[in-house]
Amino acid sequence: MALQVLEFNFKSAATQSIPKEWSHTGVTGSGDLEVLLEKKDLGGGVKAKVVTPVKGFDAVWEKMIQKFVTDTGVGNLSIEINDDNATPIVVYMRLRQALAEATAKEAE
Amino acid sequence: MKKWSELKDSSFFDASARERAVGLVDKGTFTEFLHPLDRYCSPHLVVLGQAVEFDDGMVCGVGLLGRHPAFIISMEGRFIGGAIGEVNGAKMVGAIRLALTAAKEIKAKYPGEYEAKRPLVVISFETGGVRLHESNAGLLAHAEVMDAFQDCRHIVPVVSVVGSKVGCFGGMGFVAAAADVIVMNEQGRIGLTGPEVIEQEMGKEEFDASNKALVYRTTGAKHKYIIQDCNYLVEDTIGDFHKVLGEIAGKSMEEIEKMRRIGSIDLVREQQELVKLVGDMQPKDSMDVWKHFGNENPAALPELSTAEFLKTVKRRARS
């Protein structure tokens with residue numbers, strides 16, 4: 001019954017974190033998720049914590065976040081996700097969006 | 001998230017709670033209380049296996065409207081329909097109480113300038129009322145907010161802003177109506193029991209929730225504006241809401257008090273007259289009421305743009 005809490009650690013080739021200390025994107029809507037990114041000294045690695053009501057998809061979560069880490073080459077980053085039944089592709093898309101927002105310049 | 005300059009022309013209806021909170025105050029002045037990094041989630045949802053959110057579906061903070069500190073409370077309808085539980089309820093009450101504390105301190109520090117620096121509370125409602133998973137805590141939060149509203153009377157204006165997807169229903173429909181001023185866009189809806197629930201309990205003949213035109217005529221902003229349950233009807237951009245809030249921030253407390261619907265014997269009498277009117281005329285549709293208040297062609301009103309509507313509409317006269 002209780003929420004699933006999944007934790008993963010990834011090794012990354014890069015040590016490229018985000019410019020801001022932290023960044024938040026999205027809403028835990030139905031079929032959606034929110035992402036909290038934080039700059040952290042993890043020896044280049046990436047750690048992820050996922051809180052979700054869905055059971056039995058641990059391997060899919062790990063694969064999706066691994067793909068995000070590999071594709072973007074981020075490191076020294078903590079990812080926290082509150083999920084409400086998002087599909088894997090939505091997860092990937094939101095992670096990319098979160099990173100884009102975290103690296104966007106405050107141009108005004 | 002969009003930048004302030006982009007938010008200005010963005011739809012209020014489509015905006016997230018945080019976008020509304022940032023865009024309703026002056027550029028670059030918003031500071032959030034208990035932001036997502038504080039991770040203040042509902043402890044009850046975790047036990048029930050329900051998804052949580054770092055801000056518990058409510059963005060609270062303070063910004064400026066000119067020289068007036070504006071305490072903003074903004075609800076996120078995409079998270080459990082914006083329903084009120086223990087944590088977001090406490091955030092709401094806390095933000096209102098903080099506005100009162102600020103008022104007291106400003107009064108003490110700048111006694112001659114209180115009017116010019118007077119804070120206000122702005123609540124952007126998007127909710128169905130109590131979050132059923134934490135029902136008692138949610139109900140208590142409603143009561144505490146009402147209490148805090150009373151403490152604000154004649155000191156700090158409380159403004160309801162309604163114009164988001166979920167509308168403002170359930171117990172929060174009461175709360176919105178208990179504020180001093182109500183600002184809505186055309187898409188805004190305020191009610192007590194939601195259309196679907198009325199249909200479910202009383203049947204389709206009583207209220208057909210799938211008939212969107214009917215739902216909007218009954219709970220929507222144009223109707224509320226005609227019967228004076230809405231003080232300002234604005235275009236659907238965050239910038240328009242921001243502009244009108246700036247005007248409200250500068251009004252005297254006497255002017256603010258005049259915009260209220262409830263809260264004095266005279267206002268209770270005024271509401272009773274409305275009840276009597278409805279009893280006497282037995283309207284079959286909101287349009288009957290619109291016609292009664294002098295709108296010759298009520299059927300045309302829902303089709304008008306906000307600007308055209310404001311030009312032609314006749315409203316219930318207030319004493």
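Author: One may begin with the radius of gyration, which is taken over C-alpha atoms; the globule rule is 2.2 Å times the number of residues to the power 0.38. The model shown is predicted. With 319 residues, a compact globule would have a radius of gyration near 20 Å, and the 19 Å of chain B agrees with this. Along the principal axes, the C-alpha atoms of chain B fill a box of roughly 55 × 50 × 40 Å.

Reader: How many helices and strands are there in chain B?

Author: Chain B has 15 helices and seven strands.

Reader: Is strand 5 of chain B enclosed or open?

Author: The criterion for a buried residue is 20 or more other C-beta atoms within 10 Å of its own. In strand 5 (residues 158-162) of chain B, five of the five residues are buried, so the strand is largely enclosed by the rest of the structure. Val158(B), Ser160(B) and Val162(B) point one way, Val159(B) and Val161(B) the other way. Of the 319 residues of chain B, 46% count as buried.

Reader: Which strands does strand 5 of chain B join, and through which helices does the chain cross?

Author: Strand 4 (residues 120-125) of chain B runs parallel to strand 5 of chain B, joined by five bridges, with Phe125(B) opposite Val162(B). Together with helix 6 (residues 135-152) of chain B, these two strands make a right-handed β-α-β unit. Strand 6 (residues 181-185) of chain B is also parallel to strand 5 of chain B, through four bridges, and Val159(B) stands opposite Val181(B). The crossover from strand 5 to strand 6 of chain B passes through helix 7 (residues 171-177) of chain B and is right-handed.

Note on methods: Residues are numbered from 1 along each chain as its sequence is written. Chains are lettered from A and ligands numbered from 1 in the order in which they are written. This is a predicted model: local features need pLDDT of at least 70, side-chain atom pairs count only at pLDDT 80 or more; totals for chains, interfaces and linings use all residues. A residue is buried if 20 or more other C-beta atoms lie within 10 Å of its own, exposed if 12 or fewer, and partly exposed in between; C-beta atoms are placed from the backbone. Two strands pair if DSSP finds at least two bridges between them. A crossover is right-handed if, with the strands pointing away from the viewer, the path from the first strand over the helix to the second runs clockwise.
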